[in-house]
Every structure is written in C-alpha cells, then in structure tokens.
Amino acid sequence: MTIKTVSKLSLLVVVLASCDNNRVQVTETGLKYKFHEDVEDTRKAKVGDVMTFNLTVKNSKDSLLGSSYQNGAPVKQPLQASTFKGSLEEGLALLSKGDSATIYVNADSIAGRSQQPLPPFIPKGSDIAYTIKVIDIQSMEEFQKAQVSLREKQKGTDDKTIADYVAKNKLAGQKTASGLYVVITQPGTGANPGSGDVVKVKYTGKLMNGKVFDSSDKNPQTQAGIDFPLGQGAVIPGWDEGVRQLKKGGKGLLIIPSGLAYGIEGAPGAIPPNSVIMFDVELVDVKKGAAPTPQMPQMPQGGR
C-alpha cells in the first residue's frame with residue numbers, strides 16, 4: 001500500500017466520521033439527537049453536576065423560540081435526572097465538555113409533563129430542537145468555589161466603577177460596607193424603615209451609561225409606587241439595604257454593585273451580566289411591621 005493510498009483512506013475515515021456526527025441518532029427511549037462536535041477525553045456530565053452551556057431553541061418550522069446568545073449569558077444549571085423518556089435531561093447526560101449537539105424533544109411529552117397545553121406555534125406531534133454547546137462541566141462544589149472567586153474579583157471591578165462615577169459626577173454620598181453607594185437627594189421625615197416594614201417606593205432604574213431599563217412610571221399600576229416588605233428577599237439586596245437609608249418622603253440615588261443587583265447572570269434583554277446599576281428612588285410610604293400583601297411585586301424588573 002502506497003503512502004498516497006493511505007492518505008486517501010485517512011481522508012475517507014475523517015469524512016465518514018464527520019457524516020456520522022451530523023446524522024440524527026435515536027436512543028432506546030426514543031430520544032433523537034445529532035452531534036455537531038464530539039470532543040473525546042473530556043468530562044461527561046452526571047446528575048448533580050453543574051453544566052454551563054449556550055442554548056438555542058427552535059420549533060419544527062425552524063422558528064427561534066429562545067437563545068442564550070441573545071440573552072448575553074450562557075445557561076448554568078445542575079443536571080437533573082430524566083423526568084420522562086426522551087427528555088432534555090437525558091440528552092444533556094450524553095454530552096461532554098466541548099461537545100455541540102442538537103437534542104430533539106417531543107413537544108407532546110413536554111406538554112404532558114408540564115400539564116400545560118401547547119402554544120399555537122408548536123404543532124402537536126412535533127419536536128422542539130435544543131442546540132447546545134457545552135462550555136464547562138463542574139461538580140457543585142467546584143462551581144460554588146468558582147462563583148465565590150468570580151464574585152470577589154468582580155467586587156473589585158465594581159468598586160472602581162462606582163468610585164470613578166462618583167468622582168466624575170462629584171457626588172456626595174455614603175458607601176456602605178457591602179459596596180452600595182447611597183446619595184440622599186431629598187431628606188424625609190420620621191424613622192428609617194426596618195425589617196418587616198412594608199414600604200411603597202417609586203423608582204427609575206438605569207445602567208451606568210444612563211440608559212433607563214425600568215421605571216415605576218411606565219406602568220399605570222405602579223405609578224404610585226410598588227409595595228414590598230423589607231428584609232424578606234422580595235427585592236434585590238441593593239434595594240433591601242438602600243431603601244433603609246431613606247425616611248418617608250425622602251429621595252435618593254442608589255448605585256448598586258452587581259453582587260447586590262443581578263450578578264453574573266444579569267437580567268436578559270435589560271441588564272448585562274456583572275452590571276453596576278443605579279436607581280433613583282422615592283420612599284412614598286412606610287407601614288410599620290405590616291404583613292406583606294399577596295399581590296406584592298417581587299422586585300423591579302427590566303423590560304416592562
């Protein structure tokens with residue numbers, strides 16, 4: 001056998017392997033999947049491991065239903081045990097770090113599991129295509145350690161961002177131990193609210209470039225302010241701490257580091273990951289020790 005012949009055979013093997021990677025395969029449970037990249041000798045996910053991956057979801061007509069690329073941050077979630085035959089979790093368990101694949105999950109099975117009817121843009125009997133690119137696979141312990149390290153590193157970055165903004169705009173305020181910066185622009189009266197008090201707050205949320213991502217003025221139902229209990233996790237930590245610095249009728253500017261806001265995930269479509277954000281707030285009312293109401297908004301969100 002000549003060297004030329006060996007080269008041709010090697011090329012043929014590569015081509016055949018490539019074709020196999022792009023062929024739709026079916027598991028014993030009926031799950032359909034197709035590998036685009038199959039990386040050898042890397043860590044495969046097992047139940048309980050945290051998977052970090054980019055995701056694109058399409059219906060059977062190739063219409064985009066969602067994308068982590070559009071959201072600006074990859075998905076991070078623990079791999080759970082399969083909840084039904086042919087589930088997405090079953091497909092994720094086939095993947096290793098660096099792999100790329102499309103997993104086809106029966107829409108009827110998803111609807112049956114969720115006990116919700118299919119929306120009109122997903123036909124009965126069709127498949128939903130999840131195209132996944134695995135970035136990392138970690139044990140829960142590894143993931144938590146990495147998150148702590150990232151938060152500590154980001155805290156220093158946020159501190160500098162806030163300090164530069166305060167200096168540039170000649171703001172006179174107070175920085176708390178957590179890194180929150182509070183500027184009182186209008187003093188209020190009475191006592192500061194505390195844990196368990198229900199407060200009514202008007203607000204406008206902005207990115208550091210001044211772009212408004214949310215405001216109570218945008219919605220007629222919230223123009224008078226939103227009600228929430230302090231100290232019960234109903235809002236982001238920066239709000240819980242910052243609103244306590246105000247008195248009834250008072251106004252202020254809260255410059256909130258990402259660790260006290262929307263963190264490394266951000267808020268899809270509104271707040272990028274690791275963003276320092278600002279809120280102009282007005283403490284409209286305080287009800288001392290009042291019980292929270294059932295319809296209370298959970299937290300100010302972007303994109304209203």
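Predicted model: local features only at pLDDT ≥ 70, side-chain atom pairs only at ≥ 80, totals over all residues.
The chain has 304 residues, and 38% of them count as buried. Its secondary structure comes to six helices and 14 strands. Contacts between residues at least 6 apart in sequence were examined for their span. Of these, 68% join residues at least 24 apart. The chain exposes about 16600 Å². Carbon and sulfur atoms supply 54% of that area.

Aromatic pairs were examined next. The whole structure holds six of them. One is formed by Tyr 203 and Trp 239. Tyr 203 belongs to strand β10 (residues 198-207), whereas Trp 239 belongs to helix α6 (residues 237-242). The two residues are 36 residues apart, and the pair links distant parts of the chain. Both Tyr 203 and Trp 239 are buried.

Tyr 203 also pairs with Phe 279. This pair is edge-to-face as well, with 6.1 Å from centre to centre and 65° between the planes. Phe 279 lies in strand β14 (residues 277-287), 76 residues from Tyr 203 in strand β10. Again, distant parts of the chain are linked. Tyr 203 counts as buried because its relative accessibility is 2%, under the 20% limit. Phe 279 has a relative accessibility of 0%, so Phe 279 is buried too.

Charged side chains were searched in turn. The whole structure contains 14 salt bridges. Among them is the one between Asp 127 and Lys 32, whose closest N and O atoms are 2.5 Å apart. Asp 127 lies in strand β7 (residues 127-138) and Lys 32 in strand β2. They are 95 residues apart, and the bridge links distant parts of the chain. Asp 127 counts as buried, at 18% relative accessibility. Lys 32 is partly exposed, at 30%.

Other bridges join residues with nearby numbers in the sequence. Asp 62 forms a salt bridge with Lys 58, with 3.5 Å between the closest N and O atoms. Asp 62 is exposed, because its relative accessible area of 53% is over the 50% limit. Lys 58 is partly exposed, at 27%. Asp 49 and Lys 46 also meet through their side chains in a salt bridge of 3.5 Å, N to O. Here Asp 49 is buried, with 3% relative accessibility. Lys 155, Asp 159 and Lys 175 are linked in a network of salt bridges.

Asp 49 is also one of the residues touched by Arg 43. Arg 43 lies in the loop between β2 (32-37) and β3 (50-58). Arg 43 is partly exposed, with a relative accessible area of 32%. Beyond four places in sequence, its contacts include Ser 96, Lys 97, Ile 137, Gln 138 and Glu 142. The C-alpha atoms of Arg 43 and Gln 138 are separated by 8.7 Å, although the residues are 95 apart along the chain. With Glu 142, Arg 43 makes a side-chain to side-chain polar contact of 2.9 Å.

Thr 56 lies in strand β3. Thr 56 is buried, with a relative accessible area of 16%. Neighbours within four places in sequence aside, Thr 56 is in contact with Leu 64, Gly 66, Ser 67, Tyr 69, Ala 129, Tyr 130 and Thr 131.

Terms used. Residues numbered from 1 in each chain as written. Heavy atoms only, no water. Phe/Tyr/Trp six-rings, centres within 6.5 Å; stacked < 30°, edge-to-face > 60°. Helix = DSSP H or I, 4+ residues; strand = E, 2+ residues; numbered from the N terminus. Buried < 20%, exposed > 50% of the residue type's maximum accessible area, 1.4 Å probe, protein only. Contact = heavy atoms within 4.5 Å. Polar contact = N/O pair within 3.5 Å; in protein donor to acceptor, adjacent residues only side chain to side chain. Areas by Shrake-Rupley, 256 points an atom, 1.4 Å probe, with all protein chains shown as cover. Salt bridge = Lys/Arg side-chain N within 4 Å of Asp/Glu carboxyl O.
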